[in-house]
Amino acid sequence: PLQKYPPIRRIIDFIKRELQIFYDSLFLFKNKRVYQFMIPLTIVCWFFELFAFYLIFISVMPAPFLNVAVAQAMAIAATLITFIPGGIGVGELGAVYIFNLFNYSAVLSTSGVLLARMILTGTLIIIGISGTFLLKEKVE
């Protein structure tokens, strides 16, 4: 009954098309050699994301790398176990709380965490949008 409305029909067609692409690409994950490449690459990416967070954070307030790494790891864990969509705000709040447990200023830790989140998330959004435009140009 909802498919008789054109906008809803387009959304449903889009979802069906994307699901088909997803199912068609699942065969790649049956190849064990893919994991030999993906797991080390994932670990390296996590390290660099953590290091980027650290560099941005210390621009606001000096802190040892281990403190920043522990706070970030615990904040990510808190984000993963919540039922909030996308863990919006949970990771940031957790990181600020953990920095407060390490006796850092609440204002500076909040500033550092929010600055790091804005820069890292903004970078991902810009890369994603530019990648989308590049892919569209390549397809056309």
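Which residue forms a salt bridge with glutamate 92?

1. The partner is arginine 117, and the closest N and O atoms of the pair are 2.6 Å apart. A salt bridge here is a side-chain nitrogen of Lys or Arg within 4 Å of a carboxyl oxygen of Asp or Glu. A search of the whole structure finds one.

2. The model is predicted: local features need pLDDT of at least 70 and side-chain atom pairs pLDDT 80 or more, while totals for chains, interfaces and linings use all residues. Residues are numbered from 1 along each chain as its sequence is written, and side-chain values use heavy atoms, with hydrogens and water left out.

3. Helices are DSSP runs of H or I, at least four residues, numbered from the N terminus.

4. Glutamate 92 is buried, at 16% relative accessible area, whereas arginine 117 is partly exposed, at 22%. Buried means under 20%, exposed over 50% and partly exposed in between, with a 1.4 Å probe and protein chains only.

5. Helix H2 (residues 32-58) has 27 residues and should span 39 Å at 1.5 Å a residue; its end C-alpha atoms are 40 Å apart, which agrees. The expected span is 1.5 Å times one less than the number of residues. The buried residues of H2 are Leu50, Phe53, Tyr54, Ile56 and Phe57.

How values were computed:
Helix = DSSP H or I, 4+ residues; strand = E, 2+ residues; numbered from the N terminus.
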